[in-house]
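Keep the structure open while you read.

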Amino acid sequence: MATPQSDSSLSPLRTVAVVGLGTMGTGIIEVLAKAGRQVIGIDISGAQAARSVAALESSTARAVERGRLTEQERAGVLARVTTSTDLRAAADADLVIEVTPESYEVKQQVFRELDAIVRPTAVLATGTNALSVTRLAADSARPERVLGLHFFNPAPAMKLVEVVSSVLTAPQAVAAVTDLALELGKEPVAVGDRPGFVADGLLFGYLNQAAAMYESKYASREDIDAAMRLGCGLPMGPLALLDLIGVDTARTVLDAMYAESHDRLHAPAPILKQLSEAGLTGRKAGRGFYTYEAPGSATVVPDALTPQEGAASAPGRPVRAVGVAGSGTMASGIAEVFAKAGYDVVLAARSEEKAEAARARIGKSLARSVDKGRMTAETAAKTLDRITPAGSYDAFADVDLAVEAVAEDLDVKRQLFEALDKVCKPGAILATTTSSLPVVACARATSRPQDVIGMHFFNPAPAMKLVEVVRTVLTADDVHATVREVCGTIRKHAVDCGDRAGFIVNALLFPYLNNAVKMVQEHYASLDDIDAAMKLGGGYPMGPFELLDVVGLDVSLAIERVLHREFRDPGLAPAPLLEHLVAAGCLGRKTGRGFREYARR
């Protein structure tokens, strides 16, 4: 099929019409007007157009208060914006951006009417993130001038703009819109036409899994959201984000994604339908996964599902001395955390030398904290004095809590728990820091499975606030209560979850990373574009490929395999590209090459 050709004399995109004046349309108008464009805002509702103007006036007034605009600049912005309820106001526009509801019928009607109104040189852009740009273009009399221009909410703040081409789009139209995005101070990412594009294509699968996790009562909404914020550094938890986006919008996007992929990970969780049809669509309705002060408010208020502060729980066991098994980074970090909180710590490894080396590593970490002014030299010395290195687990005879942080190998952990069972006193709690193995398998290696629990710390343990507390079906109530209390004492945020692969964080994080690999494998987008899309469009601290290379591709593959084996979902099967890189020894930063190459140290 020949590439569609178009008149190369595309007019500069100086005058822009925005059709649909909701939150997104109003935000796009602000961005355009601040960049010196003449903007025509169009909405079938005069009241909505008035609200849009009021919102623009309010937003620019706040910008003046904060010193981001002068009064003169504000006046210029407002003077460049006009509004109308008649689509014919777009007649002289060089570019029309529609941000109407996510409905083919609505958008096709807008495009049909625009065909008869705008100039032959005008470019027509849809703001959809769920519908087919190709289908909308094919219904237009000028398919070569139709493309997608997907801004992110709030448009004035978010840097990412996805520029979406269909097979019919002329390169000149793409170039003109890409240049405009750059002039607006945005970061344009070129993508092909498939539901969700890059950012939402990865984001909504993750959000859907979080909704399904909540629906299954695996974890509370508060724990799911806290786990992803504290464990991954995300700006919002997935359920709070669904409320912000709109539960109905998420359902529409996922429906479109599933229609194309037939991947069960994209099949909307039933709770999304239930909430949507009940009108509980999130913040805009005042209630979704959470309850809000009023429709449109961001303030969460307590409801029947809100955990009760200080709710009665089983009385705990006294914990004064803690044993940490292992000599690696995680073991050292966990020992440091307990010692800082005032616990006497026995740090045991397979040899006295390894234990001494781990204690020395803690000493260096504490010295860095002193250098940075986070603690005094006296406090650091007292902390280190609380840590006793040992070359045998026999030293755990008097500990109240034993925490293992040895290799992520079930046989190794079982052998260790057999040893701890013989050494530790009756009533001592035995905890595993596994991130992917069954806690109950460790428990069954002992004669006291009721005393075994999971305490999944995150790396680096001294800095990361999250601990996933993992109960098995055999864990005693007072053991759970004790570990929750200990987490508070060591200033960690505990979230409860059951004993299944991935717990909360890895069960949501690694399928998202795997889907990013599939996007590259299918040549849909580049590593750089995907990383940029998730950082700029999702507020993620790292892009998926940056994170994969840091975590280690071998570690990531192992977790993917555990998840696939546990849930038997074809969508969780590791991407072949990930398997190939691991087989080639490209494991990420630690080997100097993963998805990217790194200078060897």
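The axes of helix α1 (residues 23–34) and helix α2 (residues 46–65) come within 10 Å and cross at roughly 50 degrees. Axes here are lines fitted to C-alpha atoms, for helices over the stretch in contact, and angles run from 0 to 180 degrees between N-to-C directions. α1 and α2 are therefore oblique to each other. The scale is this: under 35 degrees counts as roughly parallel, over 145 as roughly antiparallel, 65 to 115 as roughly perpendicular, and the rest as oblique. The crossing of α1 and α2 is right-handed. A crossing is right-handed if the near helix is turned clockwise from the far one by less than a right angle, and left-handed if anticlockwise.

Thr26, Ile29 and Glu30 of α1 make the contact with Ser52, Ala55, Leu56 and Ser59 of α2. Contact means heavy atoms within 4.5 Å. By class, three of these residues are nonpolar, three are polar and one is charged. Ala, Val, Leu, Ile, Met, Phe, Trp, Tyr, Cys and Pro count as nonpolar; Asp, Glu, Lys and Arg count as charged; the others, Gly among them, count as polar.

## How to read the model

This is a predicted model: local features need pLDDT of at least 70, side-chain atom pairs count only at pLDDT 80 or more, and totals for chains, interfaces and linings use all residues. Residues are numbered from 1 along each chain as its sequence is written, and side-chain values use heavy atoms, with hydrogens and water left out.

Helices (H or I, at least four residues) and strands (E, at least two) are DSSP runs, numbered from the N terminus. Two strands pair if DSSP finds at least two bridges between them.

## The sheet from β1 to β8

Eight strands make an open sheet in the order β3-β2-β1-β4-β5-β6-β7-β8, with mixed pairing. Its edge strands are β3 (81–84) and β8 (187–192), each pairing on one side only. From one strand to the next, the twist averages 25 degrees.

Look at one pair inside this sheet. Strand β1 (residues 15–19) and strand β4 (residues 95–98) run parallel and are joined by four bridges. Val18 stands opposite Ile97 in β4. Helix α1 packs on the sheet, touching β1, β2 (38–42), β3, β4 and β6 (146–151). The direction of α1 makes about 170 degrees with that of β1. Helix α4 (residues 104–115) lies across β1, β4, β5 (123–126) and β6, and runs at about 170 degrees to β5.

Now find helix α7 (residues 199–215) and helix α9 (residues 238–245). Their axes come within 9 Å and cross at roughly 115 degrees. That makes α7 roughly perpendicular to α9. The crossing of α7 and α9 is left-handed.

Which residues of α7 and α9 make the contact? From α7 come Leu203, Phe204, Tyr206, Leu207, Ala210, Ala211 and Tyr214. From α9 come Pro238, Leu239, Leu241, Leu242 and Ile245. The residues of this contact divide into twelve nonpolar, no polar and no charged.

## The sheet from β11 to β18

Another open sheet has eight strands in the order β13-β12-β11-β14-β15-β16-β17-β18, and its pairing is mixed. β13 (387–390) and β18 (493–498) stand at the edges with a single partner strand each, so one side of each is left without a neighbour in the sheet. The twist averages 25 degrees from one strand to the next.

β17 and β18 run parallel, joined by six bridges. Val467 has Ala494 in β18 as its bridge partner. Helix α8 (residues 221–232) packs on the sheet, touching β17 and β18, and its direction makes about 120 degrees with that of β18. Helix α13 (residues 352–371) also packs on the sheet, touching β12 (344–348) and β13.

## Inside strand β16

Is strand β16 (residues 452–457) mostly covered or mostly exposed? Six of its six residues are buried, where buried means under 20% relative accessible area, exposed over 50% and partly exposed in between (1.4 Å probe, protein chains only). In a regular strand the side chains alternate between the two faces of the sheet. Val452, Gly454 and His456 point one way from β16, and Ile453, Met455 and Phe457 the other way.

β16 has a partner on either hand. Strand β15 (residues 429–432) pairs with β16 in the parallel sense over three bridges, and Leu430 stands opposite Val452. Strand β17 (residues 466–471) runs antiparallel to β16, with four bridges. There, His456 stands opposite Glu468.
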